[in-house]
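Please find below my numbered comments on the model, written for a reader who will work from the coordinates.

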Amino acid sequence: MSAWYSISLMIHLIALALWLGGIVFFLVVLGPAVHELEPSIAIRTMNQGRIGLEMISWTAIGLLLVTGIVNLLIRTQATAAAPSGTYAVILGIKLFLFATMIVHHALQVFKYAPRIAVLTAELAPNARAWPDPLLSLWRRWFVLLKINAALGPVAVLFGLALVTGW
């Protein structure tokens with residue numbers, strides 16, 4: 001393959017690491033760590049972490065989309081044929097998983113995040129417990145994050161299958 005393909009593939013892998021790495025960091029490090037903090041500090045810390053994850057995630061999603069299209073175009077030009085057979089099936093499954101992850105992320109950002117932000121802003125500075133409405137929103141937000149954490153590695157395996165010609 002060409003140097004452009006190698007560069008595009010490298011950017012694709014970096015974007016993948018950013019997105020999945022951010023998800024794993026949130027689930028494994030930040031989420032558990034806030035349990036050790038006072039509720040008012042924990043809630044604000046989670047909200048700031050959410051904002052950072054959203055920024056990283058949308059950047060990574062954009063890069064994955066662009067580099068994925070470039071990679072597909074380069075591969076199809078090299079073979080002078082449209083994807084077919086097993087390759088097309090694997091590509092379709094991978095794209096379906098990617099689209100599902102984007103939908104989940106969009107739900108986090110556009111459905112739950114605005115309400116989380118409002119409830120966090122309205123929180124009393126000396127709050128001694130997580131308000132039930134805010135806790136409920138965070139639980140739903142985390143369910144979507146966990147689903148994406150499970151779907152991401154599966155999409156990666158399908159991507160490896162595409163690259164290795166499985």
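1. W141 and F142 are both buried, where buried means under 20% relative accessible area, exposed over 50% and partly exposed in between (1.4 Å probe, protein chains only). The model is predicted: local features need pLDDT of at least 70 and side-chain atom pairs count only at pLDDT 80 or more, while totals for chains, interfaces and linings use all residues. Residues are numbered from 1 along each chain as its sequence is written, and side-chain values use heavy atoms, with hydrogens and water left out.

2. Eight aromatic pairs are found in a search of the whole structure. Rings of Phe, Tyr and Trp (its six-membered ring) pair if their centres lie within 6.5 Å; planes under 30 degrees apart count as stacked, over 60 as edge-to-face and the rest as tilted. One of the pairs is tilted, joining W58 and F110 at 6.1 Å centre to centre with 35° between the planes. This pair links distant parts of the chain, since W58 belongs to helix 2 and F110 to helix 3, 52 residues apart. Helices (H or I, at least four residues) and strands (E, at least two) are DSSP runs, numbered from the N terminus. W58 is partly exposed at a relative accessible area of 31%, whereas F110 is exposed at 61%.

3. An edge-to-face pair is formed by W141 and F142, with 5.4 Å centre to centre and 75° between the planes. These two residues, together with F26 and W138, form one aromatic cluster.

4. F26 also marks a bend of about 40° in helix 1; the bend at a residue is the angle between axes fitted to the seven residues ending there and the seven starting there. Helix 1 has 31 residues and spans 42 Å from its first C-alpha to its last, close to the 45 Å expected at 1.5 Å a residue. The expected span is 1.5 Å times one less than the number of residues. Buried residues of helix 1 include H12, W19, F26 and G31.

5. S8 lies in helix 1 and is buried, with a relative accessible area of 6%. Its C-alpha atom is separated by 20 Å from that of I90, 82 residues apart along the chain. A42, in helix 2, is buried with a relative accessible area of 0%.

6. What is the volume of the largest pocket? The value is about 600 Å³. On a 1 Å grid over the protein atoms alone, a pocket is an open set of points where a 1.4 Å probe fits, with protein on both sides within 12 Å along at least five of seven lines; lining residues have an atom within 4 Å of a point. Grid points are joined across faces, edges and corners, and a volume is the space filled by probe spheres set on the points. The lining comprises 27 residues, with H12, G68, K94, G159 and L162 nearest the centre. Helix 1 (3–33), helix 2 (39–79), helix 3 (85–121) and helix 4 (132–164) each supply at least two residues of this lining. By class, the lining holds 20 nonpolar, five polar and two charged residues, where Ala, Val, Leu, Ile, Met, Phe, Trp, Tyr, Cys and Pro count as nonpolar, Asp, Glu, Lys and Arg as charged, and the others, Gly among them, as polar.

7. The second largest pocket has a volume of about 280 Å³. Its lining has 15 residues, and G31, V34, H35, M46 and F142 are the closest to its centre. Helix 4 gives the most to this lining, with five residues.
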